[in-house]
Amino acid sequence: MAAEKARAIVIRTFPFGESSCVVTLFTREYGKLRALAKGAWRPKSGFDAALDLLSICQVLVLRKSTDALDLLTEACLEHRFRVGRSQAAFLGGMDVAELLDTLTADGDPQPELFDVAHATLRTLSAPRPAHDHDASTTELTDGLVRALVAHTELAMLRLVGHAPALVRCAECGGGVEGGSRIAFGMLDGGVLCERCRSGKRAVVSISADCLAALQLLAGTPDAWRSLALPPPIDGEVRAVMNTMLSHLLGRRPRVAPLLQPRSRPGTSRSS
Ligand SMILES: [Zn+2]
């Protein structure tokens, strides 16, 4: 059997025996797969740092046609996930990994989803600017990290067919009256007009500012870079994303809630 070459993001690793591990990879070519890396954790293993969590690497995999694990024969590190002291950036990367794992089925190639996740991981772990004239790398504040993560989550949801309706009513497709607060149906997948909201379960009321931020993050690729959300809106966007993901996954995600900014005394967070 010939080994297949793929570009992969390491989204989970699990020890196996004394020195081997089972890795879950999200590959551009084959989607999600689980493979055994024999001797990966031996001191002089050929895998080196390529199998660290959130590493991006080139791999050679022997695909098994049965339920057996694939066999990883080679992994060559392309990019290592390094975020320094930024806990927000670390959690952002872990959130991307969890969503790649939970939103996809094994062996279902989704190259666009790979590209979105890949771009975000590279941005989160971009090196700090070494030269002043290097304008391509800017310091990521925690607020910017949260905006990038929400943008990424919305892009991932769109690619797996779960984009929330943010402009027109999720139920009837009609216009949604622009008041200061708008009904958002978690089970209906988006905003609801006055007529459709009555009698619905799991409807939350979100602020017009929060909806505007979500529209921008979902619709404009680089909008997150210049988004400076006031703390209450920043927190509300995160809370809405967390609730949305919980409803979609059927359980509370492990990482996303940890991205919730701590509300400061004196600021109230709407729910
Ligand atoms: Zn409606």
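Visitor: What is the relative accessible area of Arg63?

Guide: Arg63 has a relative accessible area of 23%, so this residue is partly exposed. The general idea is that buried means under 20% relative accessible area, exposed means over 50%, and partly exposed lies in between (1.4 Å probe, protein chains only). Keep in mind that this is a predicted model, in which local features need pLDDT of at least 70 and side-chain atom pairs count only at pLDDT 80 or more, while totals for chains, interfaces and linings use all residues. Residues are numbered from 1 along each chain as its sequence is written, and side-chain values use heavy atoms, with hydrogens and water left out.

Visitor: Which residue meets Arg63 in a salt bridge?

Guide: A salt bridge here is a side-chain nitrogen of Lys or Arg within 4 Å of a carboxyl oxygen of Asp or Glu. For Arg63 the partner is Asp70, at 2.9 Å from N to O. Asp70 is buried, because its relative accessible area is 6%. Elsewhere, salt bridges with shared partners join Arg12, Lys32, Arg34, Asp101 and Asp106 into one network.

Visitor: How many salt bridges are there by this rule?

Guide: The count comes to 14. One of them is between Asp101 and Lys32, with 3.4 Å from N to O. Helices (H or I, at least four residues) and strands (E, at least two) are DSSP runs numbered from the N terminus. In those terms, Asp101 sits in helix α1 (residues 87–103) and Lys32 in strand β3 (residues 31–37), so the pair links distant parts of the chain, 69 residues apart. Both Asp101 and Lys32 are buried.

Visitor: What does the salt bridge between Asp106 and Arg34 tie together?

Guide: The closest N and O atoms of Asp106 and Arg34 are 3.0 Å apart. Asp106 lies in the loop between α1 and α2 (111–124), and Arg34 lies in strand β3, so this pair ties together parts 72 residues apart in sequence. Asp106 counts as partly exposed at 45% relative accessibility, and Arg34 is partly exposed at 30% relative accessible area.

Visitor: What span should the 18 residues of helix α3 have?

Guide: The expected span of a helix is 1.5 Å times one less than its number of residues. For α3 (residues 142–159) that gives 26 Å, and the end C-alpha atoms are 26 Å apart, which agrees. Because 14 of its 18 residues are buried, α3 is largely enclosed by the rest of the structure. Gly161 follows α3 and has a positive phi, near 85°.
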